[in-house]
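Please take a moment with the sequence and the model below before reading on. The paragraphs that follow lead from one part of the structure to the next.

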Amino acid sequence: MKYLYAQFQSLKFATKLFLIFLLLLSLGLIYTDHHIRQQFEGKRWAVPAKVYARPLELYVGSPISSNDLKVELTRLGYQFTPEVVKPGQANISKTRTIIYTRGFKFTDSLETAQRLTIHYTGTQLTKITKGGGKDLSLIRLEPVLIGGIYPLNNEDRELIQLNEAPEAFIQALIAIEDRGFYEHNGISLRGISRAMLANLKAGRFIQGGSTLTQQLIKNFYLTSDRTLARKLLEIPMALLLESHYSKADILEAYLNEVYLGQEGARAIHGFGLAAQYYFAQPLSELKLPHLALLAGLVKGPSYYDPRRQPERAKKRRNLVLKVLFEQEAIDIFQYDSARLAPLDVVEQTSLSKGAYPAYLDLVRRQLRQDYPDEALNSEGLRIFTNLNPIAQNKAETALTKTISSLENTHGKSIKGLQGSMIVTDPQTGEVIAVIGGRQTRYRGFNRALDTQRPIGSLVKPAVYLTAIEQGYNLVTELDDSPFELDMPNGTTWQPENFDLKSRDYVQLHQALAHSYNLSTARLGMSLGLDNVIDTLKRLGVERPLAPYPSLLLGAQGLSPLEVARMYQTMASNGFQMPLRAIRRVTDSSGDELSRYPFELEQTIDNNSIHLLQYILQETTRAGTARSIYYSLPEDINVAGKTGTSDLQRDSWFAGFAGNRLAVVWLGQDNNMPMPITGSSGALRAWTNYMVNETLEPFIAATPEDIEYLWIDQQTGMLSDKGCFGAQQLPFLSGNSPTERSKCGIRKRNDALPTVDRWIERLFE
Amino acid sequence: MTLLNTYYWHQPRRLTCLVLILFISACVSTPQSPNDVSSAEIAKAKLIAGLAKQAQINKPIVPVSPTAIEVDLQNDAVTALLDSAKTALLQGDLKAAQTILQRVQRIAPRDPNVYYKLASTHLDLKDYKLAEHVALKGVSLAQGQDFQLRKLWLMIADIRLQSGDIIAAEKAEHTASRY
C-alpha cells in the first residue's frame, strides 16, 4: 500500500510537473505568438531615408549634350543596348538618344514609363518624340538615388513588394533554398533529415535544413548564433508564423530581410537593395543570370562575393541555373545562354551611393534642423535634393585635374594640395554640387563646409559696395599710396599691394578690378568698418565679424559655402537667398512632409548692385581674372573675383555666369604658404569647370536710373566712343562726372573730323 | 582738300603732323608687287587700319546688356507648366502651384512673369514679405518690358495694401503708372 501510495504521489507530482510544464509552455507559446505577430504586423524594419538627386528636366532648348545624358543615364543604371525595348534601356548617338524611361511618382505628378527619342545639336536639345512619333514639350527622368541616412546598425534596405520580384527569381530562390516552400508548414522534416545525414557524414556542421520560414525567423527575430536553443526555438516560431500568415506574406518579408552583402560598415539587406548594389538596376529589370546570382548569394554573401570571388560566385550561379533547368523552370537554350553570360556586376566605384559624401553631408546638416535622427534613419523618408550629378561630375574632374597639374608644375612646395568647391544656381540659390576635398569620394573632413580660411580679396566687393552706397561713383579717385596704422595693441598695420608698388591715385573701378590693397584699405577705413560689416551681413555673411582693419583685406576666415552665399547675393541682383540643398521631403509612400521653397529678400538696391556687377565683369575681362577668356568664349559673359590670403596660404576664386555660380578654394591643411595665387590656382580650376559646362552668359539687367557713359580711362572725365582710351562705364543718374576731356568736348562740338583726331592723338 | 584748307593750313602744328606722317608713309619701303600702289594709297590704308584699330580699342570692356531683355515666351515647356500651375491655382492648391512654378523658374529663371505668378501665390497665402520680394525680383529682371513692370508694380501695390502699408502701396502704384 505504502508502495502504491508512493507511486501515486510520484505520479501526481509528475503530473503536476507536466501540467506546470504545459502551462509554462503554453504561456511561452502565447508570449512568442504575440511577439511574432506584433513584430510582423508593426513596423518591420528601420528603413533608412533615401536621398535623391534632382530629376533631369528635358525640354526643347534645354542645355544638354549626349555626354551629359550618358553620365545621367549611367548614374541611373540604364543599360546601353542596340534595341530599346523595355524600361531602363537606352541607346545613345551623337545626335539622338532613345530612352525607355522607368517612370517615377513625383509629389506633383506621375511620370509614366515611356519610350522616347531625344534629338539634340551640340549642347542643346531640339526635339523630344514619344514612341508613336508624338512631340513632347517636357519630360522628367527619374532622379538618381545618391545615398541614404542609415540607422546605428547600418542596415540598409530598399523595400520591395512581392509582385516586383520577377517570377524567374522566385523560382530560382525557392529551387535553391527551399524547394518544398509551398508544401511545408514552416519546417521541412525531409530537409532536416537530409541536413542531419550530411552533417553526420562530414562529422561537423556543414548543412542546414532550414526552410525559408526558419531563415526568416532566425534573421528577423533571433540571432544568427548556431546554438541548439536557437534551433529549438526556431521550429515552434516557424510553425506559429506559418499558422498566421500566408506564404506570400512570408516570402515578401524574406525578400526584404535577408542579408546579401557588406560595403564597409553598411550591411546590404533585401533583394531590392542587392539588385542596385550589385547591378545598379531595379530587381524587376534584371536578367536570368543576374537573378540566379542573387538567389545563390543567400548561402554566403561573403564567400560568394561576386566582386572579390568571381569564380566562386559564377559556380554558385551556375548551380542555381542547373537546378532550375533540372526542374524544367528554364529550357536548354536559356540555361546555356545564362550559364555562359558574364557576371555583369558593376564596379563599386561606379555606384552613385557614397559618390557624393560632401553633398550628403550638407543635406544631413540641413535636415537635422527639422528632423530627429530617428526619423531620418528609420522612417523610410524620401529626400529630394538639388544635386546635379552632371555638374558635380564636371566640377570634380576640373578640381582634381587642376590640383594634379599644379602639383606637377610646382612640385614639392604644394605637395598634398587640397581643394573644395561649391556650385550653385545663381538665380534660384539651389546648391547643385559640393566637393569637400581632392579625394571626392572620401567621407572625411568637408572643406566646403568646415574650413574657415581667410578669404583675401574676395571681401573687397563688400568694401566697394559700401562706397557705392555712400555715393562714390566708378571713377571716384582713390588714394593708393602706402600708409601705416597704429593698432590699439601696440602693433602697426602696414598693408601692401600684391606687386609691392603703389600708385598715387586710381579710379574706384580699377582699384577693385585690379585688386589693389592700399586703396581698398584706405577706402574701407574712411567708410567705417562697421558699415563694411553691415554690407557683408546684407550680402549673407551670418557669422559675427570683428571690426579689425585687416578685415578689409580678407583676414576674416569663411567657408566656401559662406562665400558662395555672399556671391549669390551679388549674382542675383542684390537678393539674398538661402542656399538650398533640399527641395522636399516625403514619407515612404510619397506624401509631402516638408518643402524648402524659393525664398529671397532684397538687401542691396538694384542700382548699387548693378555698379558692383559691372566691376566684377571688368575683373574677368581686364582685371586679375582676365585669363578666363583664354579659355572661355568671348560671348559668355562672366563676373567674379580672385582672392589670395596673406603669404599665399589660400587661393580663392568666386564667380558666376548666367546659370552657374562656383566658388573654389585651394590650400594646404597645414596652412603652409604656397607658390600660387587666386589667379594662378583657384581661378584655373574654376575656368576648367566652366569651360565644360553648358553656360548661359551673365546678363546684368540695367536699372532705369543707371546710364552708361564713355569715360576717359586716364582722367575719369567724360569722353566719347571715338576717343582714344575711352571706356564705357555705368553711373547712377546725377552721380556721373561732369567735366569733359578734350577729345570728348571736340566730339561733342563736332569740331574735328575723325582723321584729325587720330593724327592729333598719335602725336600728343 | 577742303579739310586741309579749313583746318590744317591755318594751324601749323597740325600741318606739321600731317606732313610728317605723309613723309614717313612715303619713306616706308614696300615690297614690289605686280600692281604697284602709290604712297598716298598706302598712307590711306594705314590711316584706315589705324582707325579700325582704334575702334577696336574702344569696344566696351564689359558688354552692356541690351535695353530690353527678351524672354523666350515661346518655350513650350514653360507654357505647359504655366497651364498646369493655373489649373492648380483654380483648384485652390497653392502649394502645388508653387511647386510647378518653381519648375518653370528653373527652366526660365529670367522670366519676370514667373516671379509675378510666384508672388501671387505667396500673396494668396498671405506671406506678404516674401510676396513683395519675389515681385521685386521680377522687377529687377523686367528691364525694358513696360507691360511686365506695370503688372509687377501693381502687384506690389496690392501686396502692400493688403499688408496694411497704404503709403508704400501708393508709391508702388505711382511707380506702376510710369509704365
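Predicted model: local features only at pLDDT ≥ 70, side-chain atom pairs only at ≥ 80, totals over all residues.

Strand E4 (residues 89-92) of chain A pairs with strand E3 (residues 79-80) of chain A in the parallel sense, over two bridges, whereas E4(A) and strand E5 (residues 96-100) of chain A run antiparallel and are joined by four bridges. The link between E4(A) and E5(A) is a hairpin that passes through three residues. In general, the strands of a sheet pair through backbone hydrogen bonds, in either a parallel or an antiparallel manner.

Elsewhere in chain A, five strands form an open sheet with mixed pairing, in the order E11-E1-E15-E25-E26. Its edge strands, each of which pairs on one side only, are strand E11 (145-149) and strand E26 (592-595) of chain A. On average, and with direction ignored, neighbouring strands of this sheet are turned by 20 degrees against each other. Within the sheet order, strand E15 (residues 382-385) and strand E25 (residues 582-586) of chain A pair in the antiparallel sense over four bridges, and A:Ile383 stands opposite A:Val585 in E25(A).

For helix H16 (residues 460-469) and helix H18 (residues 517-527) of chain A, the axes come within 10 Å and cross at roughly 50 degrees. The two helices, H16(A) and H18(A), are therefore oblique to each other, and H16(A) passes H18(A) in a left-handed crossing. The contact is made on one side by A:Lys460, A:Val463, A:Thr466 and A:Ala467 of H16(A), and on the other by A:Thr520, A:Leu523, A:Gly524 and A:Leu527 of H18(A).

Several loop residues of chain A also deserve attention. Most residues other than glycine have a negative phi. A:Leu500, however, has a positive phi, near 60 degrees, and lies in the loop between strand E21 (492-493) and strand E22 (503-507) of chain A. The phi of A:Asn573 is likewise positive and near 60 degrees, and A:Asn573 is found between helix H20 (560-571) and strand E24 (575-576) of chain A, again in a loop.

Leaving aside neighbours within four places in sequence, A:Glu430 is in contact with A:Asn386, A:Thr424, A:Asp425 and A:Arg580. The C-alpha atoms of A:Glu430 and A:Phe598 are separated by 8.6 Å, although the two residues are 168 residues apart along the chain.

In soluble globular proteins, nonpolar side chains tend to be buried together.

Note on methods:
Residues numbered from 1 in each chain as written. Chains lettered and ligands numbered in written order. Pairing = 2+ DSSP bridges. Contact = placed C-beta atoms within 7 Å. Axes fitted to C-alpha atoms, helices over the stretch in contact; angles between N-to-C directions. Parallel < 35°, antiparallel > 145°, perpendicular 65-115°, else oblique. Left-handed = near helix turned anticlockwise from the far one by under 90°.
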